[in-house]
Amino acid sequence: MAAPIILVPGFWLGAWAWDEVVGILESDGHRVTALTLPGLESVDTDRSEVTLEDHVNAITDAIEAAGEPVVLVVHSGAGFPGYAATDRLPDRIAAVVYVDTGPGIGAMNPEFEGVDYPLPPLEEIQKEENFDGVSSEKLEEFWSRAIPQPGSTMREAVELTNDVRLDIPSTVVATGYTSDDYKAAVDAGYGFVAGLTELRNYEYVDMPTGHWPMWSRPEDLAGLIGEVANRVG
């Protein structure tokens, strides 16, 4: 039987961001859980006390609830708490899929001072990320449902101590950037891919599209995740 799958979205997103991918995976018989991390439930949620540790704990709680080793899928900024979760429960994670992100080490943005970080205007975020393949309807939904990211999750770091995590099979899905771009980021010492300097068992898969492949190429992304779950189950 395929391993159960846990999907963790990146900044500004809740479990809803994975709806299409969840539907495809479940129709193929997979067991899937999509998470909304603490502080991202509602615009009215108090984010002032939400920490990076809270995000790590939410992921590890979901892993433990699965009752067997899972495939952990993390998108974008979730690469940091996701990698920390592999340090906490390496024996409960059969594989990790990093969707346009990597195993992050350190703080995402240690100089960020705000209580939270709202989704920037489209013209600003397009300077750093691309929306290739995302429909205008999905963009409208994104902006209408986006929740500010808790600020502490950006400026805090988590200590990693368990080297068993280094042997977890991992896949880096390069979407908004190519795998060669990711390798260059590793060489340049970027924190969001720093874990790739120490992992012993990982591969790159190029899936050319934008930063949100769950919206632009949901069938292909679900297919890749399902393949991983079948392989390690």
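Asp-87 is buried, with a relative accessible area of 4%, where buried means under 20% relative accessible area, exposed over 50% and partly exposed in between, for a 1.4 Å probe and protein chains only. The model is a predicted one, in which local features need pLDDT of at least 70 and side-chain atom pairs count only at pLDDT 80 or more, while totals for chains, interfaces and linings use all residues. Residues are numbered from 1 along each chain as its sequence is written, and side-chain values use heavy atoms, with hydrogens and water left out.

The residue lies in helix α3; helices (H or I, at least four residues) and strands (E, at least two) are DSSP runs, numbered from the N terminus. A polar atom of the Asp-87 side chain lies 2.7 Å from the backbone nitrogen of Asn-162. Leaving aside residues up to four places away in sequence, Asp-87 touches Glu-159, Leu-160, Thr-161, Asn-162 and Arg-165, contact being defined as heavy atoms within 4.5 Å.

## Helix α3

Helix α3 spans residues 79–88, and because nine of its 10 residues are buried, the helix is largely enclosed by the rest of the structure. The buried residues are Gly-79, Phe-80, Pro-81, Gly-82, Tyr-83, Ala-84, Ala-85, Thr-86 and Asp-87. Their cover includes helix α2 (52–66) together with the strands β3 (70–75) and β4 (93–99).

## Aromatic pairs

The structure holds 15 aromatic pairs, counted for the rings of Phe, Tyr and Trp (its six-membered ring) when their centres lie within 6.5 Å, with planes under 30 degrees apart taken as stacked, over 60 as edge-to-face and the rest as tilted. One of them joins Phe-11 and Trp-12, whose ring centres are 5.5 Å apart and whose planes stand at 85°, so this pair is edge-to-face. Both Phe-11 and Trp-12 are buried. In the pair of Phe-131 and Phe-142, the centres are 6.5 Å apart and the planes are at 50°, so the pair is tilted. Since Phe-131 lies in the loop between α4 (122–125) and α5 (136–145), and Phe-142 in helix α5, this pair ties together parts that are 11 residues apart in sequence.

Phe-131 is buried at a relative accessible area of 9%, and Phe-142 counts as buried at 0%. Both also belong to a cluster in which ring pairs link Trp-16, Phe-131, Phe-142, Trp-143, Trp-212 and Trp-215.

## Residues with positive phi

Trp-12, the partner of Phe-11 in the edge-to-face pair, has a positive phi of about 75° although it is not a glycine. Trp-12 lies in the loop between β1 (5–8) and α1 (19–27), and its relative accessible area is 8%.

Ser-76 likewise is not a glycine, yet has a positive phi of about 55°. Ser-76 is found in the loop between β3 and α3, and at 17% relative accessibility it counts as buried.

## The largest pocket

About 1,000 Å³ of space lies in the largest pocket. Of the 30 residues that line this pocket, the closest to its centre are Ser-76, Glu-128, Glu-129, Phe-192 and His-211. On a 1 Å grid over the protein atoms alone, a pocket is an open set of points with protein on both sides within 12 Å along at least five of seven lines, a cavity is a set where a 1.4 Å probe fits but cannot get out, and lining residues have an atom within 4 Å of a point.

The elements giving two or more residues to the pocket lining are α4 and α7 (179–188), and the largest share, three residues, comes from α7. By class, the lining has 16 nonpolar, eight polar and six charged residues.

## Enclosed cavities

A search of the whole structure finds two cavities of 30 Å³ or more. The largest cavity holds about 70 Å³ of space and is lined by Leu-52, Phe-80, Tyr-83, Ala-84, Gly-104, Ile-105, Gly-106, Val-158 and Leu-160. Helix α3 provides the largest share of this lining, three residues, and the lining divides into seven nonpolar, two polar and no charged residues.

The second largest cavity has a volume of about 50 Å³, and its lining includes Phe-11, His-55, Pro-81 and Met-108. This lining has six nonpolar, five polar and no charged residues.

How values were computed: Polar contact = N/O pair within 3.5 Å; in protein donor to acceptor, adjacent residues only side chain to side chain. Points joined across faces, edges and corners; volume = space filled by probe spheres on them. Nonpolar A, V, L, I, M, F, W, Y, C, P; charged D, E, K, R; others polar.
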